[in-house]
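Let's walk through this one together, starting with a sheet and ending at a single side chain. Have the viewer open as you read.

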Amino acid sequence: MINSLRGMNDILSEDYERFTYFINTATDIAQKYGFHFIETPLLEETALFKRSVGESSDIVGKEMYQFIDKGQNDVCLRPEGTAGVVRAFIQKKLDKAGGIQRYFYHGSMFRYERPQKGRLRQFHQFGVESFGVDSVYEDATMIMMVSDILKKLGIGYRLQLNSLGDNNCMPDYRNKLVEFVQERKDNICEDCVKRLETNPIRVLDCKNSKCQELYENAPKLLQNLCSACEDDFNTLKKILEDNGIKYEIDTNLVRGLDYYSKTAFEFVSDDIGSQSAIAGGGRYDRLVEFLDGRSTPAVGFAIGIERLMELIVMPEASRDGYYIGAMDEEAVNLVVKLAHKKRKSDKVNIDYKAKNLQKHLKAADKVNAKYCAVIGSNELKDATIWVKDLENKTEETISLEDF
Ligand code: HAM
């Protein structure tokens, strides 16, 4: 027997209903915020992710589904959505067009991680990217959008907030941090030694508890912001407070992707185990220029759909459409014909086997049909059909024409 690959799941039946309910809800909200759909390829040049997500990140360094294709191109399955959207934005010359462009997307992402609950190798994100607004109001709007989506789905969350500074203040902070960590170099984990060389601020979210203890007194990002970044961060907090969105400050929240500056945020759930991040995002004002576009401020987020699945409170399923069946072998043909016609306006489930009424009623109930319509030899003779309204518990025999 051939099974799916580790960390790659099929989505069907009840899960599929939840999945589409999530996509429809999030799409509806993104459109209300003025965002437009964008679809980018699953496969991109590896260089795109190396330059954007960053070679020092775990995602690029360890987790890419990377290969050389038949044309000798170095390609990989996208590990995230932002880089592809930015590539498309530049390729379509939207950076030169100026103004504000807002996009949303959803689809599969691929990371060769160690699979566990809530951590897959193929997973799905719903994301949005906004280009051309440097105001921190847009950062707040992103957070409000995630909050609206989660609330609509009945999902509780905690919002963690940080600012990563900008070109003005980050280099000085980085130097201070490196100095602090260098002095403790003999006692930190191997990964942190590497991070010192490649991307020092990532030591701040090292999962090793010994490292965390050592960094407790490390210089704090939020105490080292320049006045412009500090003002923005204060404004962001004020907007969130004014709009009733609670947050926690986490000065060690640095995110696992290199392209962020200023606002960084994560939504976490306490109800899903260790992989608790359900959404993450932030501002990435330098990325468009870094990928050879015209300098454009940008901010966005992505929600991990699989991590939400079990938390989604589905609306009560109401009975819908018809179940049509035959009680007599001779009526099967007619039942198929009726179903074909009825599907022009309604959802129809059909059983091709002749069965007694009790069995049909049971089957209609199982598919949650509103009506169970059955034809036996009497109905066949009279050109009628017996219909039971399973919601109101009423029944009648009507002419096929009326049906
Ligand atoms: P990210 O934090 O890497 O950000 O991913 C966003 C969300 O995807 C996570 O919070 C998590 O819910 C989900 N996720 C990540 N990895 C896995 C996995 N292996 N299995 C299941 N779910 C996972 C980004 O990808 C950025 N592109 C977000 C962004 C958009 N920033 C700005 N714009």
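A quick term before we start: two strands count as paired if DSSP finds at least two bridges between them. Keep in mind that this is a predicted model.

Now find the open sheet. It has 8 strands in the order S1-S5-S6-S11-S10-S9-S7-S8, and the pairing is mixed. Strand S1 (36–37) and strand S8 (248–249) sit at the edges with a single partner strand each, so one side of each has no neighbour in the sheet.

Helix H1 (residues 13–32) touches strand S5 (101–110), strand S6 (122–131) and strand S11 (298–304), and its direction makes about 5 degrees with that of S6. Helix H10 (residues 227–242) packs on the sheet too, touching S7, S8 and strand S9 (261–268); here the angle to the direction of S7 is about 160 degrees.

Follow the chain out of S7 and you get to aspartate 166, in the loop between S7 and helix H7 (170–182). Is aspartate 166 buried or exposed? Its relative accessibility is 17%, and buried means under 20%, so aspartate 166 counts as buried. Beyond its neighbours within four places in sequence, aspartate 166 is in contact with Pro171, Cys226, Cys229 and Lys262. A polar atom of the aspartate 166 side chain also lies 2.9 Å from the backbone nitrogen of asparagine 168.

Definitions and conventions:
Residues are numbered from 1 along each chain as its sequence is written. This is a predicted model: local features need pLDDT of at least 70, side-chain atom pairs count only at pLDDT 80 or more; totals for chains, interfaces and linings use all residues. Side-chain values use heavy atoms; hydrogens and water are left out. Helices (H or I, at least four residues) and strands (E, at least two) are DSSP runs, numbered from the N terminus. Contact means heavy atoms within 4.5 Å. Axes are lines fitted to C-alpha atoms, for helices over the stretch in contact, and angles run from 0 to 180 degrees between N-to-C directions. Buried means under 20% relative accessible area, exposed over 50%, partly exposed in between (1.4 Å probe, protein chains only). A polar contact is a pair of N or O atoms within 3.5 Å; within protein, one must be able to donate a hydrogen and the other to accept it, and residues adjacent in sequence count only if both atoms are side-chain atoms.
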